[in-house]
Structure formats: C-alpha cells, structure tokens
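Morning, everyone. Please have the sequence and the structure open while I talk.

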Amino acid sequence: GRKRWLRMLCLSGHASKSEITEMQTMHLQLAELHGVKLDFIDGPFNIDTAYEAAIQEYLDGPFCTWADPQLSRQMSRQHFGEAIQHVLDAAYERGPFDGLYGFSMGALVAALASEFLEASLDQFSNAPSLVDSPPEGLPRLQNNMVPWRFMLAACGTCLDASLQGARPLRVNMPSFHIFGAHDSIRDRSLRLSQCFQDAVCQELMYAAHAVPNPCLTDASLTSALSKFFDRMQQLAELALSAGKQRRNLA
C-alpha cells in the first residue's frame, strides 16, 4: 500500500455534472483500487440540456459547462479564461491536490489550467512566461498555492487547430490519457495527449465517448493506471521530503 493517499480534483465534461464524473471514476476504480481521494467540480456555466438525452432520464438539470453558452462554440484559450480561474480557485480553496482528472472538455480545461500553472511558476522563478495575458486580467494564481503535479484525461478534446496565430498547448507534467477507439473525437484526444511532454496513453477498444462499465474488468487499463499512480506517489513523496528539507534549512 501507498504511504499516503493521492488527492485529485475531478472536472466534469461539457453539459454534464459531477454525478457522471463520479461514475467514471468508479469505473476507473480511482478510489477503490488505486487509493486516490477525490473531489469533484463542475463548470461555472449552467445549461439546460445534457450532452446526451439519455442522461436527462435519470438526472435533473441544470447541467454545467466550461465556456459561456451564449458565445460561439470555440476551443480557444480566450473562451476558457473563467473556467481556468474556476479550477485555480477550487484547487486553492479545497486543496492541495496532487493531480487533476478531466473528461472531454473538462480534460482540455484541466490541461489549460496546468499549462497556466506551470507558466506562472516559471514566471515566479524569473523565467519567461509561456502564457499570453488573458482578457480582463483572468486568470490569476494565488502566490502561496501548492501546485498539482500530474493529470489524467479521459476522452479529452483539444484547442481548435484552425485558430489563426494560436500558440500550441504545451504541458510538462506527467499525464495519463484514455481514448475511446470508437469515439467521434478520438483524433482530438490524441492531439491533446501530444501536447504533453510526459504522456502515457491507453486506448479502450470497447469504448466510444465514455468511460464505460467494462473498464472495471480491463486488466491492461488497471495495470497501466497502477504503474502511473505508483510513479505519482514516488513524485509526491520526493516533493514532501524536499519541502521538509527546505523548512529545516530555514
């Protein structure tokens, strides 16, 4: 067993809510088998209709999304400024967290928040910032926030490649990406994984745009997740040890 539980903040997808995300994490056995403590967050905007009509048969609205539904549907940094701030605020207020989980659009928001976090920490270290100044001064990072160190993306989407002058998304922290072989946005999930410098990828041959029940008996998925979380545990323990050494020196 691990010495301490890892903690993850889990982001729901577009036109969804945390009850769906909880079911996804149960199918991945994040808490039950992999020993991860989970907290859940929905997008900051409400929407009446779920992303799948069947969901409304057992879940009442409103549902949540990550970009203003009054705006045109566009996967750009500018559209997700409030969403990134929403995640940073939750991570600061409820954290510290070791990692983020995101499904679909939630995975893209988690990646954008991770990119912003890394660039902000670089800036604090007098390195050049990788992130352009967002509109209206958003987002902002609390100076004493403890950063997360890894990310898990399920059926993630990515920034629109057609945006003129758009800077490619780049994230350095370790990540684990789950693709559905029959997902209509599988190519976008693959493109998101390619934005990460340290990415483990697992394709589910039985899945579409979902984290379905067969994940529970997928030995290959379970083994890959176990190896990933073992590595994340080692990184967490190294960070904890380094923090104690700094305090002792002070």
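Start with W148. Leaving out residues up to four places away in sequence, W148 touches L88, A91, F97, D98, G99, L100, A113, S114, L117 and M173. Contact here means heavy atoms within 4.5 Å.

A word on the source. This is a predicted model, where local features need pLDDT of at least 70 and side-chain atom pairs count only at pLDDT 80 or more, while totals for chains, interfaces and linings use all residues. Residues are numbered from 1 along each chain as its sequence is written, and side-chain values use heavy atoms, with hydrogens and water left out.

Now the core. W148 belongs to the largest nonpolar core, which has 38 residues. A nonpolar core is a set of buried Ala, Val, Leu, Ile, Met, Phe, Trp, Tyr and Cys residues joined through side-chain atoms within 4.5 Å. Buried means under 20% relative accessible area, exposed over 50%, partly exposed in between (1.4 Å probe, protein chains only). W66, F80, W148, L169 and L192 touch the most other members.

Which elements each supply at least two residues of this core? They are β1 (6-11), α2 (81-94), α3 (105-124), β6 (150-154) and β7 (171-180). The most comes from α3, with 10 residues. Helices (H or I, at least four residues) and strands (E, at least two) are DSSP runs, numbered from the N terminus. There is also a second, separate core of 26 residues, including F150, L152, F228 and F229.

Next, β7. Why is β7 largely enclosed by the rest of the structure? Because nine of its 10 residues are buried.

Look at the neighbours of β7. Two strands pair if DSSP finds at least two bridges between them. β6 and β7 run parallel, joined by four bridges. M151 has S175 in β7 as its bridge partner. On to β8 (residues 196-204): β7 pairs with β8 in the parallel sense, over eight bridges. Here S175 stands opposite A199. From β7 the chain crosses through helix α4 (residues 186-193) to β8, in a right-handed β-α-β crossover. Right-handed means that, with the strands pointing away from the viewer, the path from the first strand over the helix to the second runs clockwise.

β1 and β2 (residues 36-41) run parallel, with six bridges. L9 has D39 in β2 as its bridge partner. Together β1, α1 and β2 make a right-handed β-α-β unit.

Last, Q24, in helix α1 (residues 18-28). Is Q24 buried or exposed? Buried, because its relative accessibility is 5%. Beyond residues up to four places away in sequence, Q24 touches Y101, F103 and V211.
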